[in-house]
Amino acid sequence: MTRPPQASSNLSVYLSHELRNALACIHQFGNILVDGLAGELSGEQREYVSIMLENASKIRSVLDSALDGVPGTPEECANKIKNVSKLET
Amino acid sequence: MDKTKILVVDDNPTIRKGLGVRLRANDYEVLFAQDAISATAALVTERPDLVVLDLGLPGGDGFVVMERLQRNDRLASTPVIVLTGRELAGNRDRALQAGATAFFQKPVDDSTLLFAIRKALDVSRGELRFDE
């Protein structure tokens, strides 16, 4: 992983890129497991992977709402994320 | 009959591996490149039927790869699906203008990506217009 940018104007771009790549890996391999591409899962295993995937989707929603289109400062990003958290609860 | 050949270009090895598993399970032959230089080489030597392209790459970004593709008459019609962690603003429109068939932000649903791939291949083979 690259170092976080010091300039605040690039912070949301950096966060979006790094978090989206990490989320994509969770999403890809979770679905590979659920779809049985790496062997069949038991009912319980499938349930647990599905819980992981549901929560990865929630993080994606927060990312979509909070980071994209935010030009700016760490404070702006933090405020946006707080607002999204309020909506989610 | 030869399998449809897809070139996956991404500098993240885990993303490449995951896409490879998914695409092979859908009966595609999958090739990989990890930077703009090896992607350009693979385009010329392997002549893939479609490219899944990340934008943030070492050795020149995804826009450089699309520019090289467009400059080569024999390759210019190869459909490109951009799959990136970059933000939408400034990248989606630029990618579509540079010749991308579709633009997705990571993570994308597998069904959405597979549908876009099938449709882009149908269009490129003249079996369908993209707005159908």
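This is a predicted model: local features need pLDDT of at least 70, side-chain atom pairs count only at pLDDT 80 or more; totals for chains, interfaces and linings use all residues.
Q: Where do I start with the interface: how many residues of chain A are in contact with chain B?
A: Begin by counting the residues on each side. Here 18 residues of chain A are in contact with 19 residues of chain B. The two chains bury about 1700 Å² between them, and 58% of that area is on carbon and sulfur atoms.

Q: Which polar features does the rule find across the interface of chain A and chain B?
A: There are two kinds to look for. The rule finds two salt bridges across the interface. It also finds eight residue pairs in polar contact there, both residues of a pair being at pLDDT 80 or more. On the side of chain A that touches chain B, the elements giving two or more residues are helix 1 (11-34) and helix 2 (43-66) of chain A. Helix 1 of chain A gives the most, with 13 residues. By class, that side of chain A has seven nonpolar, six polar and five charged residues.

Q: How should I read a salt bridge, and how many does the structure hold over all chains?
A: Side chains of opposite charge can pair when their charged atoms come close. Over all chains, the structure holds eleven salt bridges. One of the pairs to look at is B:Arg22 with A:Asp35, whose closest N and O atoms are 2.9 Å apart.

Q: Where do B:Arg22 and A:Asp35 lie?
A: Find the element that holds each partner. B:Arg22 belongs to helix 1 (residues 13-25) of chain B, while A:Asp35 is in the loop between helix 1 and helix 2 of chain A, so this pair joins two chains.

Q: Is B:Arg22 buried or exposed?
A: Read the relative accessibility against the cut-off: under 20% counts as buried. B:Arg22 has 9%, so this residue counts as buried.

Q: Which residue meets B:Asp109 in a salt bridge?
A: The partner is A:Arg60, with 3.5 Å from N to O. B:Asp109 is in the loop between strand 5 and helix 5 (110-124) of chain B, and A:Arg60 is in helix 2 of chain A, so this pair joins two chains. B:Asp109 is partly exposed, with a relative accessible area of 32%. A:Arg60 is buried, with 17%.

Q: What can I read from B:Gln105 about polar contacts?
A: Locate the residue, then list its partners. B:Gln105 lies in strand 5 (residues 102-105) of chain B. This residue is buried, with a relative accessible area of 13%. Its side chain and that of A:Arg20 are joined by a polar contact of 3.4 Å. A polar atom of the side chain of B:Gln105 also lies 3.1 Å from the backbone oxygen of B:Arg86.

Q: How do I read strand pairing, and in which sense do strand 1 and strand 3 of chain B run?
A: Look at direction and at the bridges. Strand 1 (residues 5-9) and strand 3 of chain B run parallel and are joined by four bridges. Within strand 3, B:Val52 is the bridge partner of B:Val8. Strand 3 also pairs with strand 4 (residues 80-84) of chain B in the parallel sense, over three bridges. In strand 4, B:Ile81 is the bridge partner of B:Val52, and B:Val82 stands opposite B:Leu53.

Q: Which way do the residues of strand 3 and strand 4 of chain B point?
A: Sort the residues of each strand by the side they point to. In strand 3 (residues 50-53), B:Leu50 and B:Val52 point one way and B:Val51 and B:Leu53 the other way, and all are buried. In strand 4, B:Val80, B:Val82 and B:Thr84 point one way, with B:Ile81 and B:Leu83 pointing the other way. Strand 4 is mostly covered, with five of its five residues buried.

Notes. Residues are numbered from 1 along each chain as its sequence is written. Chains are lettered from A and ligands numbered from 1 in the order in which they are written. Side-chain values use heavy atoms; hydrogens and water are left out. Contact means heavy atoms within 4.5 Å. Buried area is the accessible area (1.4 Å probe) that two parts lose on being put together, summed over both. A salt bridge is a side-chain nitrogen of Lys or Arg within 4 Å of a carboxyl oxygen of Asp or Glu. A polar contact is a pair of N or O atoms within 3.5 Å; within protein, one must be able to donate a hydrogen and the other to accept it, and residues adjacent in sequence count only if both atoms are side-chain atoms. Ala, Val, Leu, Ile, Met, Phe, Trp, Tyr, Cys and Pro count as nonpolar, Asp, Glu, Lys and Arg as charged, and the others, Gly among them, as polar. Buried means under 20% relative accessible area, exposed over 50%, partly exposed in between (1.4 Å probe, protein chains only). Two strands pair if DSSP finds at least two bridges between them.
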